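Please open the structure in your viewer and keep the sequence panel beside it.

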Amino acid sequence: MDIEVDIIDFKVPLENNKTIFVWDIQPTFSEAYIYESLWSVYSTFGALYLLKVCPNATVAEPGFYALVKFYSSAQASKAQRATDKQCLFQSSPLKVRLSTKQNLSFYSTKPLSLSKCHNLANHYLGFGGWSTRIITLKDISRCMDAGCQEETDDQSVLLKYGCIAELTFQQHGMSCQGVGVAEEIIDNDRDPEEKLRKRGTLMKRAKDKAVVAAFEKVLLMILGNGKVAIEIKYDPDEILPEENSEGVIKVNDIWNEFEDADSNTEEDFPWDLTVDLPH
C-alpha cells in the first residue's frame, strides 16, 4: 500500500489551489473572535501561511468572509471538504470553497520571510526540532575584485556584510547552509554611534538572509501517518566547506568576498558569532 506524501517547501504559496474562501460568517462576532476561531479550526489541517477576515461589501448582507491560505494544496482541499456546510463556531452553516482563480504564468516563487520560516518549521518539527548557527559573519565592504565595490562620492561610504549560516535538523541527521549579503551606502559625516547601529542592522540583515537561503533548500515531506521526513536540495554549483573547516563557502562570487575580508582586524569585527541562534 502506497503511503501518501505531502511535500512542502519554504516558499510563498502562490498557487490558488492552496487557498480557500469562507462565506456566510455571521455579523454578531468581532473580527478578532472570527480570526481566532478560524485559525483554531484550520490549523489542525496543516500549517497556515495566511488567514484574513474581511467585512462583506456594503452592497451585500452584513457579515464577514475569510481567506485561508495553506502551504499545501492537499491540506487546503481536505479542509474545504471537511468544513463546507458546517457550523464550526456559529449557529448557521458556513460556505467553504477552493479558489477557482487561474494562476498567472509569470508568477515566480518567492522565499518566505524569516518569521514565516520559523513558524513553518516549528509547526511540523517542533521548537526543538531544528537549530541555526552562524559559521562566519564578516565585513566585506572593502573587497575590490569581487565586483562589490560601489561608486561612492567623498561624502559617502559603502557598508557591506556577508554571512554563512548553517541550519541543522539534529533528529534527522541533516544540515544545510545558506549565504546572505546586506549592504547600504551611508553618509561619511554620520555620528559614529549611528554608524555602529547601522553596522549592527546590516549584520542582522545578512544573517537573516543567510538563514532564509538555508531554509529554501529544505523540503518537508509530510507522511500520511503524520510523521515528517526532510530532504535537502543541494545546488550542484555550490561548493561546501570541508568538515571542521573554519568557514568559507563558494557560492558564485561570494568566495572572493569572504577571502578578501579575511584581512579584517579584531577591531573591525570584535565579536564571536559562532553561536546557536534562538528560534
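A residue is called buried when its relative accessible area is under 20%, exposed when that value is over 50%, and partly exposed in between, with a 1.4 Å probe and protein chains only. By this rule, lysine 160 is buried, because its relative accessible area is 6%.

Before going further, please note that this is a predicted model, in which local features need pLDDT of at least 70 and side-chain atom pairs count only at pLDDT 80 or more, whereas totals for chains, interfaces and linings use all residues. Residues are numbered from 1 along each chain as its sequence is written, and side-chain values use heavy atoms, with hydrogens and water left out.

**The whole protein**

Of the 279 residues in the protein, 42% are buried. A contact means heavy atoms within 4.5 Å, and among the contacts in the protein with a separation of 6 or more, 69% are between residues 24 or more positions apart.

**Lysine 160**

**An open sheet**

Next select strands S1, S9 and S10, which form an open sheet in the order S1-S9-S10 with antiparallel pairing; two strands pair if DSSP finds at least two bridges between them. Strand S1 (5-9) and strand S10 (228-232) are the edge strands, each pairing on one side only. On average, neighbouring strands of this sheet are turned by 25 degrees against each other, direction ignored, where the axes are lines fitted to C-alpha atoms, for helices over the stretch in contact, and angles run from 0 to 180 degrees between N-to-C directions. Between S1 and strand S9 (residues 218-223), which run antiparallel, there are five bridges, and isoleucine 8 stands opposite leucine 220 in S9.

Stay with the sheet and select alanine 229, placed in strand S10 and partly exposed, with a relative accessible area of 24%. Not counting residues up to four places away in sequence, alanine 229 touches His172, Leu219, Leu220 and Met221. Alanine 229 and isoleucine 7 are 222 residues apart in sequence, yet their C-alpha atoms are 9.5 Å apart in space.

**Helix H3**

Move on to helix H3 (residues 114-125), whose 12 residues should span 16 Å at 1.5 Å a residue, which agrees with the 16 Å between its end C-alpha atoms; the expected span is 1.5 Å times one less than the number of residues. Its buried residues are Leu114, Cys117, His118, Leu120, Ala121, Asn122, Tyr124 and Leu125. Which elements do the buried residues of H3 pack against? They pack against S1, H2, strand S7 (156-169), helix H4 (192-215), S9 and S10. Just after H3, glycine 126 takes a positive phi of about 85 degrees.

**Aromatic rings**

Now display the aromatic side chains, among which a search of the whole structure finds 10 aromatic pairs. Rings of Phe, Tyr and Trp (its six-membered ring) pair if their centres lie within 6.5 Å; planes under 30 degrees apart count as stacked, over 60 as edge-to-face and the rest as tilted. Tyrosine 35 and tryptophan 39 are stacked, because their ring centres are 5.9 Å apart and their planes are at 20 degrees. Both lie in helix H1 (residues 31-42), four residues apart, about one turn of the helix. Tyrosine 35 is partly exposed at 30%, and tryptophan 39 is partly exposed at 32% relative accessibility. Finally, select Phe10, Trp130 and Phe215, which ring pairs link into a cluster.

Most residues other than glycine have a negative phi. Aspartate 24, in strand S2 (residues 19-25), has a positive phi of about 65 degrees although it is not a glycine. Leucine 88, in the loop between helix H2 (73-83) and strand S5 (95-98), likewise has a positive phi, near 55 degrees.

How values were computed. Helix = DSSP H or I, 4+ residues; strand = E, 2+ residues; numbered from the N terminus.
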